[in-house]
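Trainee: I am new to this structure and would be grateful for a guided reading. May I put some questions to you?

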Amino acid sequence: MSENKTPSKAKNRPDHKVKTRVLAVFLNLVLIIFSLSCIFPLIWLFYSSLKEKRVFNADIIGLPKSPSFSNYVDILSNKDYHIFASLFNSFRTTIISVSLIIICGFIVGYILARVKFKGNRLLYVIFLMGLLIPIHSLLVPIYVVFNNTGLNNQWFTLIIPYVAFGLPIAIFLVEGYVKAIPVALEEAAAIDGSSFTRTLFTVILPTCKPILTTVGIIQTFGCWNEFSFALVLIRDQALHTVPLAMTQFTGQFSSDYPKIMAALLTTMAPIIVFYFVFSKQIIKGMVAGAVKG
Amino acid sequence: MLNSIRPKKWVIALYLLFPILLYVFAVFIPLITAGFYSFFDWKGGPNKTFIGLDNYATLIKDDVFWTSFGHNIYLVFACIIGQIGLAFIIVLMINSRLVKFKAIHRTFGFFPSTISAVYIGLIWLMFYDYKRGILNWFLELIGKGDQTKVWLNEPKLVMLLIAIPLIWQFIGYYMVIIISAISSVDQEIFEVAELDGANAFQRAIYVIVPLIKNTLLVCVTLCVAGNMKAFDHIFVMTKGGPGNDSMVMALYGYKISFAQQNMGYGSAISIGIFFVSLLVIGGVQFLVKMLTKEKGEI
């Protein structure tokens, strides 16, 4: 077949060119449609949130004729909607959890990679099991434990499971990364009289920055977006994180779409900004974490 | 390692103490607790009655649990075909020299996977809405107004309608993974294949797939693990309904435990979910290991 094809290709050069152009248009068109479909919700949400409920219900797809930010003013000025509170809770939970995951993951990962002690491998396996354990099966049990110990429904409640569930992947990534660093680095530091702790934080930590960034990126999205554990562990509306607050909010205003859209966009805004500003690093980090994990 | 830099034992113990305690408390204690309560008839109140293995006997015969498990498996297959399959096709297109704006496609395509499943569920809930939904609006637009439905109330369609947002959300994610796998392969191989007269389809199946087989298998394991834990967007969209037609395991455990306050049976379901998921995810990972081993190390 291939012998037949080559000469015919040469003969029909202009035809071939047209074909290429058609193909180019087709490919680009399909991909543009794909890309647009991925951000269409954002666009639709945004311009629809500038409509009044009445206007939206009459025409769900048209652009607003007299756009107004009244929906935003409304949801942000009313404290009962807990928009600001939920944003604050999400920020607090995410920042503390991710910091703890990075610090603990770094320390444990380093120790498991470098320090010989009895039980080192056992500990590694126990943490690695966390990657295999179906976390979603803990949904009910974790509620029981937290309820019995009085740890549920506190401002710090969610930090405990988020850190615990984030540790295995962090430890796994750090351990692998540290093993590839030459020991000479620590030896030189030790000869200079640096203590274990000092070497850990002033010599090793900077070298691990790339992998810790990866861990941080994955966990930031993980913590910010987490829903099911927040659902069972937090009852108090004032402690709701953003996804939880949104399920409440939409239940309350199920018929007022523009208002829901304004709330969705407002609470999505931090993650959208974060993503579009650092998209290159984020995509790289998420992919590296996914493939290695 | 030099002896002089060997840290003291108590220093190590101190560093390890907090992470281990936290990890054990949030992962193993709940598992053990669930195992314990699964032997009791317990409605969440102060009274518990030991009933031995009764909860497990119920679980094995519980149609809803196994239907839910079936729905998880349905999602796994739908997502392997929909997410990885479509992502692969899109990658083939994107890698063409004729395509422009590659970086933008990647950035936009990846975007939905960074959004919480709750938001994805809420947004698609609006798409599917009867009066104000885009789906029905579109059907009216193309003159098929008689086909409009209260979509999520259709028992036969609901799983598909639940799977679509999930597929849509993660196509870009797998797309990016596959792109990076292909770009790490020596590009000359593709050119040689082209010179040999292989067409795009042949190149995809016989050249690209074998070269990125390991990555594709990683994608499959991610898909399996991701869909066994499906919960968030279904909770938002249908709560498992109509009836139990879109129920998944995690949601069923949640419903029994919190809506019906049946904590004893809920614990048994949790242990059931644990073993079933472990078996499926572990089994797939084992298979993948076997398949990747043929060609030596990863």
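Trainee: Is the crossing of α5(B) and α7(B) left-handed or right-handed?
Mentor: Please keep in mind that this is a predicted model. In chain B, the axes of helix α5 (residues 117-128) and helix α7 (residues 158-183) come within 10 Å. They cross at roughly 125°. The handedness of this crossing is right-handed.

Trainee: How are α5(B) and α7(B) oriented to each other?
Mentor: Their axes cross at roughly 125°. Angles from 65 to 115 degrees count as roughly perpendicular and those over 145 as roughly antiparallel. The two helices, α5(B) and α7(B), are therefore oblique.

Trainee: Which residues of α7(B) make the contact with α5(B)?
Mentor: The α5(B) side consists of B:I120, B:G121, B:W124 and B:Y128. By class, the residues of the contact are five nonpolar, two polar and no charged. On the α7(B) side, the residues are B:L161, B:P165 and B:Q169.

Trainee: What percentage of residues 157-183 of chain B is helix?
Mentor: The unreviewed UniProt entry annotates residues 157-183 of chain B as a "transmembrane region". The end C-alpha atoms of this span are 38 Å apart.

Trainee: Which helix of chain A gives the largest share of the side that touches chain B?
Mentor: In total, 69 residues of chain A are in contact with 77 residues of chain B. The chain A side has 50 nonpolar, 15 polar and four charged residues. Its largest share is 12 residues, and these come from helix α2 (residues 13-49) of chain A.

Conventions:
Residues numbered from 1 in each chain as written. Chains lettered and ligands numbered in written order. Predicted model: local features only at pLDDT ≥ 70, side-chain atom pairs only at ≥ 80, totals over all residues. Axes fitted to C-alpha atoms, helices over the stretch in contact; angles between N-to-C directions. Helix = DSSP H or I, 4+ residues; strand = E, 2+ residues; numbered from the N terminus. Parallel < 35°, antiparallel > 145°, perpendicular 65-115°, else oblique. Left-handed = near helix turned anticlockwise from the far one by under 90°. Contact = placed C-beta atoms within 7 Å. Nonpolar A, V, L, I, M, F, W, Y, C, P; charged D, E, K, R; others polar. UniProt positions renumbered as here; feature names shortened; annotations may be inferred.
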